[in-house]
Amino acid sequence: SSLLGRFLSGKGLVIYPKIGDKLDIICPRAEAGRPYEYYKLYLVRPEQAAACSTVLDPNVLVTCNRPEQEIRFTIKFQEFSPNYMGLEFKKHHDYYITSTSNGSLEGLENREGGVCRTRTMKIVMKVGQDPNAVTPEQLTTSRPSKEADNTIKMATQAPSGRGSMGDSDGKHETVNQEEKSGPGASGGGSGDPDSFFNSKVALFAAVGAGCVIFLLIIIFLTVLLLKLRKRHRKHTQQRAP
């Protein structure tokens with residue numbers, strides 16, 4: 001079902017997806033007569049959302065930087081992903097999306113403040129939780145400076161189909177969390193930010209271990225080759241009259 005939510009001062013937008021639901025985040029095409037707003041959305045830790053800071057290696061979900069076309073990013077709430085770099089979510093856990101861009105092209109890469117602070121543009125996703133039984137967590141931020149254009153269009157739906165979020169009469173780009181890979185991609189190791197960061201450390205450790213093993217093999221083969229050449233030379237000298 002479609003959901004048109006407003007970011008509330010000091011709290012942002014709180015949603016309650018279930019495992020199996022999908023969430024579409026849309027970067028709309030530029031409208032005639034209105035300036036295009038540039039944003040980069042991140043999946044962050046709770047403390048990063050509270051501080052409106054994306055300095056410490058956040059997980060980039062989608063970048064809204066193409067005024068000429070609509071960009072749609074789909075998050076599937078699943079406990080296990082077939083993709084190594086796909087997002088994974090656990091029931092009764094909270095996940096946070098925010099942006100520290102300020103809406104301008106020059107401020108797209110801002111890592112502090114931005115609309116997270118000025119408009120409380122953050123989404124709290126309480127996976128598998130009952131909205132009637134859980135009190136939304138209050139995040140401390142400064143009061144938004146603007147009330148206009150302070151909304152986001154989103155849709156949650158069952159896995160069997162894709163819902164429409166917003167109207168588009170032109171080209172659009174669809175991005176799925178399973179199709180993206182790499183540390184700066186929409187995925188990241190896991191929907192749990194800690195798992196994502198740990199997976200990167202494990203990846204670098206595996207690469208380092210592989211390099212060490214490769215060097216040891218080269219050294220072993222070199223020593224073996226030298227011994228064989230020395231033995232061959234010794235036999236040659238013994239056969240000489």
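User: What percentage of the 241 residues of the chain counts as buried?

Analyst: It comes to 41% of the 241 residues. Buried here means under 20% relative accessible area, exposed means over 50%, and partly exposed lies in between, with a 1.4 Å probe and protein chains only. Keep in mind that this is a predicted model, where local features need pLDDT of at least 70 and side-chain atom pairs count only at pLDDT 80 or more, while totals for chains, interfaces and linings use all residues. Residues are numbered from 1 along each chain as its sequence is written, and side-chain values use heavy atoms, with hydrogens and water left out.

User: Which helices and strands does the chain have, and in what pattern?

Analyst: There are 3 helices and 10 strands, and along the sequence they follow β-β-β-β-α-β-β-β-α-β-β-β-α. Both are DSSP runs numbered from the N terminus: helices are H or I with at least four residues, strands are E with at least two.

User: What makes C27 and C64 a disulfide?

Analyst: Their sulfur atoms are 1.8 Å apart, and a disulfide is a pair of cysteine sulfur atoms within 2.5 Å, so the pair qualifies. C27 sits in strand β3 (residues 22-27) and C64 in strand β5, 37 residues apart, so the pair links distant parts of the chain. The torsion about this S-S bond is about -50 degrees, so the disulfide is left-handed.

User: And why do C27 and C64 count as buried?

Analyst: C27 has a relative accessibility of 1% and C64 has 7%. Both values fall under 20%, so both residues are buried.

User: How do you know that C52 and C116 are joined by a disulfide?

Analyst: The S to S distance is 2.2 Å, which again passes the rule, and the count comes to 2 disulfides. C52 lies in the loop between α1 (46-51) and β5, while C116 is in helix α2 (residues 115-118), so this pair ties together parts 64 residues apart in sequence. With a torsion of about -75 degrees, this disulfide is left-handed. C52 and C116 are both buried. Numbering the bonded cysteines in sequence order gives the pairing 1-3, 2-4.

User: Why do β2 and β5 stand at the edges of the sheet?

Analyst: The open sheet has 5 strands in the order β2-β8-β7-β4-β5, with mixed pairing. β2 (13-15) and β5 each have a single partner strand, so one side of each is left without a neighbour in the sheet. Two strands pair if DSSP finds at least two bridges between them. Inside the sheet, β4 (residues 39-44) and β7 (residues 93-98) pass that test with 3 bridges, in the antiparallel sense. Y42 stands opposite T98 in β7.

User: Why is R66 called partly exposed?

Analyst: Its relative accessible area is 36%, which lies between 20% and 50%, so R66 is partly exposed. R66 is in the loop between β5 (59-64) and β6 (70-76). R66 and P28 are 38 residues apart in sequence, yet 8.9 Å apart in space, C-alpha to C-alpha.

User: What about C211 and I217: buried, exposed or in between?

Analyst: C211 has a relative accessible area of 43% and I217 has 44%, so both are partly exposed by the cut-offs above. The place of I217 is in helix α3 (residues 193-239).
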